[in-house]
Amino acid sequence: MGMTMTEKILARASGRESVRPGDLILAKIDFAMGHDLTIPPAGKIMREQMGAEKIWDPDRVAVTQDHFQPAKDAASATLGRLTREFSHQMGIKWYFEVGQGGICHTVLPENGLVLPGELVVGADSHSCTYGALNNFATGIGSTDLACVMALGELWFRVPETLKFVYHNRLQEWVEAKDLILYVIGKIGVDGARSKAMEQVGETLKYIDMEARLTITNMAIEAGAKNGILEFDEVTKEYLDGRAKRPYTPVFSDPDAEYEKVFEFDAAAVELGVAKPMSPDNYAPLSEVIGTRLDQVFIGSCTNSRITDLRRAAAVLEGHKVAAGCRLIITPSSHQVAIQAEKEGLIRTFLAAGAAWTTATCGACLGGHMGVLGEGEVCLSTTNRNFPGRMGHPKAMVYLSNPAVAAASAVTGVITHPSEVLKHMPAGIR
Amino acid sequence: MTLPKVIRGKAWKFGANIDTDQIIPAKYAIYSLDEIELGKHAMEGVPDRDGWAAGVEAGDILVAGSNFGCGSSREIAPIAIRGAGISLVIADSYARIFFRNAINLGYPILQSPQAAEAVVEGDELEVDLEQGIIRDFTRSDEYRCEAFPPFMNELLKMGGLVPWVRERLRERRLAARA
């Protein structure tokens, strides 16, 4: 009996010939991640409750200061300090200070720290992002992370795999974000609950690595344990000169078993949004055109890498943010910010009247720099819009791709990007 | 810390897809090391449930719909519910990270689509954790729970992942000495 990519990784990591869905395994971790909200409790649990003095392998742990950093208040400064002290005391090799890292899910891939065939865990739900690089990556809690740091191992239930096959190419303006919002709209926020989302097909060949990271990033919004993509030329090219360790890609066997196979015609997917108050509340853009906006936010681990900012800048070039609306742009990493500066994108944003911030999770989780008030309406390139996610429980959040967000900031209402820019210039990726 | 065999309490009822931002808004993550403070803000993000935590009596039981605890990985979600005084959570189903976190904390959670469907807020419940049976005195009815894999039951019984890791570390130290 064949195995899926997910099963192969879990079998290898647990030292077994093979695993089946439902098996409870103890598996060795290849790489682990924590941040300023999850390291302080994990460090305390590991040292004070579990009695571990050091971490299993300081070269295989990354820590980012991203959620409430630069510190948004005195209590967050304490979390930042605990995170910093723990990282230094444990000798964690991949510690990213404020101003030098950014959002974990952008920082780890761009530094070549999460690689094909590996078992990666992160104390953050969007850790499933890394699966775009052909690994098994999943979000865990703080006690889980404490266990991983103490032992280098963790328990897992081997998930059933759902296979998503995408046919044909996306239409003009339609991005990876629209595709995954459409899929989540079809299967629901619990449509892949605790399962592996293996995503394959011709469509992905034409989608670059940054946009692929958007697709796996949102696997958790369908409840998935992990999202995983095939290794191909795009993966290889992204990792060349970047990968920090040798790696071995995994491939699903032709006779692997899937709980269910979904087929989608990507060419039929329109520009879309998730309406308030759930990521599965999908609607074609045409249905929400004209919705008045108080704020537009371009940021997060979902859609604020350099390619996202390039598309936003192309739309914003020569335009101003509409009166009565505000635009906040938060790059997802320091490297992204440096690149945006080199390419002149920041000048475009500032000239348009956008607020440009340092790299942080910030507004996405209602942390800081863009928290919404009661009744406010926001169009955001982030990943989830449950009640209260970006601030007040009665704020309304729509999710979209960055070009739609940029165009909507120019008009102050939800707008098709072609209303502001006829065509996305060729070569802007 | 071992689990009680029987838990009694009044039911609080919530719907489907209650995510962790509703269970404990991210801004309270600054209290991640303070269970009592977190407890004061439990379920604060659920629309029209203002001041819910203040009304909870120690021992009360939270009953929810499907996919309870979806969204963020924050372990403060089950900790906040426990901090509010809730003795046990029953749901139609759980999002996986919330589920893991509760088991790892040794905090009892049960999966019972029957109970999630039938229980009404305010019902007096008695839960037999060993037999996996929920008795609803208000409705004079009984509901079954889904069984968890043995390893998860073992973790729950021993008080979560912390004692389990302590034991593994002890074994490793012994092996290193030998």
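**Interface of chains A and B**

By the distance rule, four salt bridges cross the interface of chain A and chain B. The model is predicted. The contact involves 47 residues of chain A and 45 residues of chain B, and the area buried between the two chains is about 3,800 Å².

**Buried area**
- Carbon and sulfur atoms give 62% of the area buried between chain A and chain B.
- On the chain A side, the residues that lose the most area to chain B are Met50(A), Leu151(A) and Trp155(A), which together account for 18% of what that side buries.

**Polar and charged pairs**
- One salt bridge joins Glu153(A) to Arg172(B), with 3.3 Å between the closest N and O atoms.
- Between chain A and chain B, 20 residue pairs are in polar contact, counting pairs with both residues at pLDDT 80 or more.

**Make-up of the chain A side**
- At least two residues each come from strand E1 (24–28), helix H2 (39–49), helix H3 (74–90), strand E6 (136–139), helix H5 (142–151) and strand E7 (153–157) of chain A.
- H5(A) supplies the largest share of the side that touches chain B, six residues.
- By class, this side of chain A has 26 nonpolar, 10 polar and 11 charged residues.

**Asn153(B)**
- Asn153(B) belongs to helix H7 (residues 150–158) of chain B.
- Its relative accessible area is 30%, so Asn153(B) is partly exposed.
- The side chain of Asn153(B) reaches the backbone oxygen of Phe148(B) at 3.3 Å.
- Pro108(B) is 45 residues from Asn153(B) along the chain, and their C-alpha atoms are separated by 9.7 Å.

Methods. Residues numbered from 1 in each chain as written. Chains lettered and ligands numbered in written order. Predicted model: local features only at pLDDT ≥ 70, side-chain atom pairs only at ≥ 80, totals over all residues. Heavy atoms only, no water. Contact = heavy atoms within 4.5 Å. Buried area = accessible area lost by both parts, 1.4 Å probe. Salt bridge = Lys/Arg side-chain N within 4 Å of Asp/Glu carboxyl O. Polar contact = N/O pair within 3.5 Å; in protein donor to acceptor, adjacent residues only side chain to side chain. Helix = DSSP H or I, 4+ residues; strand = E, 2+ residues; numbered from the N terminus. Nonpolar A, V, L, I, M, F, W, Y, C, P; charged D, E, K, R; others polar. Buried < 20%, exposed > 50% of the residue type's maximum accessible area, 1.4 Å probe, protein only.
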